[in-house]
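Dear colleague,

Please find below the structure that I am handing over to you. My account of the findings follows it.

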There are 2 protein chains.
Amino acid sequence: MPIVSPATVTPSRCSIARSLEVLGEKWSLLIVREAFWGRTRFSDFREQLGVSSDILTDRLGTLVDAGVLQKIAYREEGSRERFRYELTAGGRDLKPVLAALNAWGEQHRPSGAGPSAIYRQTATGEPVSLVFRAADGTILRDDEVEVVRGPGASVYPANL
Amino acid sequence: MPIVSPATVTPSRCSIARSLEVLGEKWSLLIVREAFWGRTRFSDFREQLGVSSDILTDRLGTLVDAGVLQKIAYREEGSRERFRYELTAGGRDLKPVLAALNAWGEQHRPSGAGPSAIYRQTATGEPVSLVFRAADGTILRDDEVEVVRGPGASVYPANL
């Protein structure tokens with residue numbers, strides 16, 4: 001029997017895999033990062049990331065289809081209609097994903113130049129950290145947390 | 001001036017981009033997920049993920065080079081030497097990245113089958129959540145956290 005990717009045949013059961021269907025292609029999370037910086041324009045994304053227009057168009061389309069970005073028409077005086085891309089509520093919910101990637105990169109792949117992004121409490125300007133919290137409010141170390149299979153993992157190979 | 005990807009020319013300043021250099025290719029984070037499930041063998045990764053041997057070899061090599069997995073030789077009685085792949089301490093530090101992707105996928109791309117993975121407190125079996133915590137221990141909502149540029153973001157285009 002040929003080996004095929006179950007992900008291309010059946011919807012993935014795994015939430016990580018389903019997230020990566022939207023976010024896992026090169027550039028997608030960097031586009032989201034730029035959107036968190038407040039960038040909204042095609043040309044800004046292209047110039048900041050140095051990505052080709054074709055690929056950027058594709059990735060923006062995927063992110064819009066998945067409800068991460070919304071595409072909004074606007075017109076500046078004397079110009080033709082253009083579009084800007086803004087994070088949806090679902091897109092803004094990616095903040096912990098970016099913060100987790102940022103923290104891991106800072107720790108395990110340091111640039112030597114200090115952090116390029118700092119996640120901080122808006123009200124105080126103090127840095128924040130991303131932590132696991134138990135149901136009773138206890139803060140847990142990562143090694144006090146385990147991953148176990150849930151009901152959605154019951155069917156193989158659809159458990160991707 | 002041609003647009004090139006700064007990421008291919010200079011080391012990325014952004015911790016997210018540096019993380020994605022290791023983790024951003026298709027399959028890489030799914031391999032890490034499988035490693036968290038306890039899988040260690042090439043053949044298990046290949047069969048669980050339905051990924052080709054060539055691609056799996058490439059991704060495992062990247063993850064080993066980046067210090068996420070370690071490649072350990074072993075020999076079962078009567079067999080030739082084989083290798084297994086185990087998470088390093090740095091690889092285990094990816095737990096929050098996977099938990100954040102899992103939570104986002106559960107919320108925004110639900111499969112309808114319930115969660116395939118549950119992150120829970122080892123000691124109690126109770127589910128845990130990933131939250132932002134302020135320096136003084138206060139738990140913050142995501143919208144109470146902002147992202148600002150740090151010292152590593154000062155040089156453009158190397159601020160990727």
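What rotation, and what shift along its axis, superposes chain B on chain A? The answer is a rotation of 180 degrees with 0.0 Å of shift, at an RMSD of 0.0 Å, where copies are superposed by least squares on the C-alpha atoms of residues with pLDDT of at least 70 in both. The two copies are thus related as by a two-fold rotation axis.

Please note that this is a predicted model, in which local features need pLDDT of at least 70 and side-chain atom pairs count only at pLDDT 80 or more, while totals for chains, interfaces and linings use all residues. Residues are numbered from 1 along each chain as its sequence is written, and chains are lettered from A and ligands numbered from 1 in the order in which they are written.

**Domains**

Chain A is assigned domain 1 (1–88) and domain 2 (94–145), with bounds that come from an automatic or database domain assignment. Taken over C-alpha atoms, the centres of these two domains of chain A are 24 Å apart.

**The interface as a whole**

Chain B contributes 76 residues to the contact and chain A contributes 75; two residues are in contact if their C-beta atoms, placed from the backbone, lie within 7 Å. On the side of chain B that touches chain A, α7(B) gives the most, with 12 residues. That side divides into 40 nonpolar, 21 polar and 15 charged residues. Here Ala, Val, Leu, Ile, Met, Phe, Trp, Tyr, Cys and Pro count as nonpolar, Asp, Glu, Lys and Arg as charged, and the others, Gly among them, as polar. Because 99% of the interface residues of chain B are also interface residues in chain A, the copies meet through the same surface.

**Helix packing**

Helices (H or I, at least four residues) and strands (E, at least two) are DSSP runs, numbered from the N terminus. Helix α7 (residues 95–108) of chain A packs against α7(B) at an angle of about 170 degrees, with the axes 8 Å apart. Axes are lines fitted to C-alpha atoms, for helices over the stretch in contact, and angles run from 0 to 180 degrees between N-to-C directions. The two helices α7(A) and α7(B) are therefore roughly antiparallel to each other, a term for angles over 145 degrees. Pro96, Val97, Ala100, Leu101 and Trp104 of chain A in α7(A) meet Pro96(B), Val97(B), Ala100(B), Leu101(B) and Trp104(B) in α7(B). This contact of α7(A) with α7(B) has 10 nonpolar residues, no polar and no charged.

Helix α2 (residues 15–23) of chain A also packs on α7(B), at an angle of about 80 degrees with axes 7 Å apart. α2(A) and α7(B) are therefore roughly perpendicular, the term for 65 to 115 degrees. The residues of α2(A) that meet α7(B) include Ile16(A) and Leu20(A). By class, the contact of α2(A) with α7(B) has 5 nonpolar, 4 polar and 2 charged residues.

**Strands**

Two strands pair if DSSP finds at least two bridges between them. An open antiparallel sheet of 4 strands has the order β5(A)-β4(A)-β4(B)-β5(B). Its edge strands are β5 (139–140) of chain A and β5 (139–140) of chain B, each pairing on one side only. Strand β4 (residues 128–134) of chain A is joined to β4 (residues 128–134) of chain B by 7 bridges, and Ser129(A) has Arg133(B) as its bridge partner.

Strand β3 (residues 117–121) of chain A pairs with β6(B) in the antiparallel sense over 5 bridges, with Ala117(A) opposite Arg149(B).

Yours sincerely

Notes. Angles under 35 degrees count as roughly parallel, over 145 as roughly antiparallel, 65 to 115 as roughly perpendicular and the rest as oblique.
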